[in-house]
Structure formats: structure tokens, C-alpha cells
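Biologist: I'd like to learn how to read a fold like this one. Could you walk me through it?

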Amino acid sequence: MPALSNPRYERFAQALFAGLAGETRVKRAQSTAYLTAYPNCSNGNSAEAAASRLLRRVKPIIERVRELQAQANARLQPKLDLSRERVGKRLDLASRIAEQQGNAAAMATSELGIARVFGHLNETTECAPTDFASAKTMTDIGRKLLQSVGFASPDDVSIQAAIEANDAFIERLEAIRDNAQGPTIDQDD
């Protein structure tokens, strides 16, 4: 909204806005703002009544004061630079500091951040974990096992080989479990 077309209304709105930061009650009063815009007004009581009447009848004055407040708040907000260049420089600095400190985890995190910012990682395929919960059949499990190691479109023979490898893996894990538990005593004896 631009300045109000009536110069006295604009002056009154500006004075109301300025009065919002007044240290005393008198400086914050709408009558004080009215006297600024209409200096020929005879006294404070009539200025108070006239200011109240003007604010009730001319709604754009309040809208203008709100706009002035919004503009002042916008000037107070710090400008945040989220450009790729700035973020990339900050991540590079973090990576160098982590390297100096010998912090491999922080270094890896920073480097991954740089790769993401500059689009070198495809989040959907490179870093997404394989969801085995949606697998309904052993064929689905075999396909997901192969996809988890980068085999994007496995054929039926490869899927069958993956199922057999998975079965052998499970069999081996069960053997490790059984060896760790030691011999079991049969209840039938």
C-alpha cells in the first residue's frame, strides 16, 4: 500500500506509527499523533475525540500503520544467505576442520553435505535403504537383495541365485547360533 492520498491522513498514520515507540504515555497517545497532523486543533481533549473518530471512520489509516510496522519489522530481520556457494564454502570449512581434528565421521558428513548441495548424489537410489518390509515373496526378497548391491534390473536366474545365497546365509547364521549356545539337553531323557 503506498502512502495515503490525503497528506494529513498520511501524517497522522506516520505519527501514530512513531508514537508506538514513545517512552511516555503522552508520546504514545493518539491525541499526540492527531496534533502532529492537525496542529490547529485547540486542545488535547478535542484532539483525543477527533483522533478516535478519524480512526473509526477512515480504515486505511490503521492499514497504513500496520504496513509501516511490517516494513520496520522486515528491515530488522537479518538477511539469511542460503546460496549454494555459501553453504558449499561452509561445508568445505567444516570438512577441513574435521580433517585437522582427525574426526572422520564429521569429515564424511561434511563431504556428503557438499555432494548433496551440488547435486552429486541421487538420494533416491544411492542412499535410500532397501525396504524389505514390502517384500511378499522370496522372489521379491531376492530382487531387493540384488538391488541393494546395485543390480538395478535383475533377471530371473540372478534372482534365484540370490535366493539360494540368502538361504545359505541364513543356514550359516543358524549354525553360528547353535554353536554359541552349546549342546542342548533333550527333555525326553
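This is a predicted model: local features need pLDDT of at least 70, side-chain atom pairs count only at pLDDT 80 or more; totals for chains, interfaces and linings use all residues.

Biologist: Fine. How many helices and strands does the protein have?

Modeller: Nine helices and zero strands, so by the DSSP assignment the elements run α-α-α-α-α-α-α-α-α from the N terminus on.

Biologist: And what share of the residues counts as buried?

Modeller: The cut-off for buried is under 20% relative accessible area. Here 23% of the 189 residues count as buried.

Biologist: Which residues have the most contacts inside the largest nonpolar core?

Modeller: A nonpolar core joins buried residues through side-chain atoms within 4.5 Å. In this protein the largest one has 17 residues, and Phe12, Leu16, Tyr34, Leu54 and Ile61 have the most contacts inside it. Helix 1 (7-19), helix 3 (30-37), helix 4 (44-57) and helix 5 (59-76) each supply at least two residues of this core. Helix 4 gives the most, with five residues.

Biologist: Now the outside. Which residues form the nonpolar patch on the surface?

Modeller: Phe169, Ile170, Leu173 and Ile176, with about 360 Å² of accessible area together. Take Ile170, which is found in helix 9. Patch residues need over 30% relative accessible area, and Ile170 counts as partly exposed at 37%.

Biologist: Which residues form the negative surface patch?

Modeller: Glu164, Asp167, Glu171 and Glu174. Glu174 is found in helix 9 (residues 156-181). With a relative accessible area of 36%, Glu174 is partly exposed.

Technical notes
Residues are numbered from 1 along each chain as its sequence is written. Side-chain values use heavy atoms; hydrogens and water are left out. Patches are made of residues with over 30% relative accessible area and no salt bridge: like charges are joined within 9 Å, nonpolar side chains (Val, Leu, Ile, Met, Phe, Trp, Tyr) within 5 Å. Accessible areas come from the Shrake-Rupley method with a 1.4 Å probe; for residues, only the protein chains shown count as cover. A salt bridge is a side-chain nitrogen of Lys or Arg within 4 Å of a carboxyl oxygen of Asp or Glu. Lys and Arg count as positive and Asp and Glu as negative; His and the chain ends are not counted. The place of a charge is taken as NZ of Lys, CZ of Arg, CG of Asp or CD of Glu. Helices (H or I, at least four residues) and strands (E, at least two) are DSSP runs, numbered from the N terminus. Buried means under 20% relative accessible area, exposed over 50%, partly exposed in between (1.4 Å probe, protein chains only).
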